[in-house]
Amino acid sequence: MSVSRGDLESEVARFLGWSRTVPGSGDGHDDIDAIVDRGLRQFYYPGVLPGETTVHEWSFLKPVATISTNASVSSSTITVSSGVVTLASGTWPAWAAEGTLSVANEDYEVSTRDSTTQLTLIDTSVDISAGTTYELRHDQLALPSDFAGITGPLTYSRDAQEMEIQVVSESYIRALRQDRPQIEDAPLYAAVRPITGSTYGNSYELLLWPTPDKTYRIQYAYNVEVSAGSTIYGGIPHNETIMASCLAIAETYAPEQSNRHRDIYKDRLAASVMFDRKANATEYFGYNSDNSDEPILIRRNLRYATYTNRGGTVYPTT
């Protein structure tokens with residue numbers, strides 16, 4: 001019941017009169033690739049449906065992900081030569097490429113973890129003598145390679161409560177780090193920043209303040225940036241819509257053009273949108289206890305009373 005990119009290419013090839021066998025290379029293969037790419041883009045980012053004023057945003061392109069922090073480490077001494085940091089003993093943690101190296105109140109962002117005992121800084125002009133103490137902080141975390149923006153709050157559990165991290169600008173995080181660089185606690189603020197000068201494979205990273213003092217499992221929803229490849233998003237309920245979208249594009253390349261597949265795609269798109277909305281409809285909104293008129297620092301210290309409904313469920317109240 002699933003549909004692969006190969007299935008889409010085969011159907012397009014047959015529609016164009018090339019049988020189900022997709023040409024291995026050359027203009028025919030390139031044409032089919034281009035048609036399938038356009039068909040997928042048309043489905044993932046549809047236009048405004050008749051009778052509506054905004055485009056539909058697919059729920060399956062807004063997944064929920066988890067990212068984990070780690071406590072800072074400072075278990076040995078280091079030597080730095082032209083931005084290459086060598087550890088005197090022990091090993092660098094696996095997350096070191098996402099770290100900030102702090103030496104004598106100066107911070108240096110790490111570019112790569114070259115080995116268990118060697119890092120390279122973004123600033124390759126740094127030289128530090130042997131035997132120098134350090135702290136490696138995990139305050140910038142790599143986001144998924146298909147990340148295209150956070151949607152909704154960042155949350156984590158602490159003391160049996162769900163806590164929220166406020167998303168602010170990157171410049172605000174830098175200002176906090178300059179003003180209070182040594183604070184280590186549960187994260188209060190976060191910012192998204194494009195990665196520059198780093199080679200560990202992602203386009204964006206999450207900056208946190210304060211520096212996390214332990215492991216926190218942070219959950220967040222984000223927009224997926226669809227890239228070229230074999231992954232077909234949406235699943236079985238939308239497969240016929242995706243196929244119709246590709247054939248509607250192929251139809252524009254046919255010698256005798258018609259709107260048959262274009263009309264089928266429009267009908268299928270309306271059905272897919274309805275299915276997506278129904279599958280993700282909210283049955284109830286719940287009660288309001290977000291204290292949204294309170295500053296986040298004050299909300300952290302609130303103590304809650306409780307009440308119990310008839311079903312025995314306990315809820316906090318302000």
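These legends describe close-up views of a predicted model.

Local features need pLDDT of at least 70 and side-chain atom pairs count only at pLDDT 80 or more, while totals for chains, interfaces and linings use all residues. Residues are numbered from 1 along each chain as its sequence is written, and side-chain values use heavy atoms, with hydrogens and water left out.

**View A. An open sheet of 7 strands.** The order is β7-β2-β3-β6-β5-β4-β8, with antiparallel pairing. Strands are DSSP runs (E, at least two residues), numbered from the N terminus; two strands pair if DSSP finds at least two bridges between them. β7 (128–133) and β8 (135–137) are the edge strands; each has a single partner, so one side of each lacks a neighbour in the sheet. From one strand to the next, the twist averages 35°. Axes are lines fitted to C-alpha atoms, and angles run from 0 to 180 degrees between N-to-C directions.

**View B. Strands β3 and β6.** Antiparallel β3 (residues 84–87) and β6 (residues 118–121) share 3 bridges. V85 lies opposite L119 in β6.

**View C. Helix α1 and the residue after it.** α1 spans residues 5–15; helices are DSSP runs (H or I, at least four residues). Its buried residues (under 20% relative accessible area, 1.4 Å probe, protein chains only) are R5, L8, E9, S10, E11, V12 and A13.

**View D. Strand β11 and its partners β10 and β13.** β10 (residues 147–158) and β11 (residues 161–167) run antiparallel, joined by 5 bridges. T155 faces E164 in β11. The hairpin has 2 residues between the strands, and D159 takes a positive phi near 55°. β13 (residues 189–194) runs parallel to β11, with 2 bridges. Here V167 stands opposite A190.

Methods
Buried means under 20% relative accessible area, exposed over 50%, partly exposed in between (1.4 Å probe, protein chains only).
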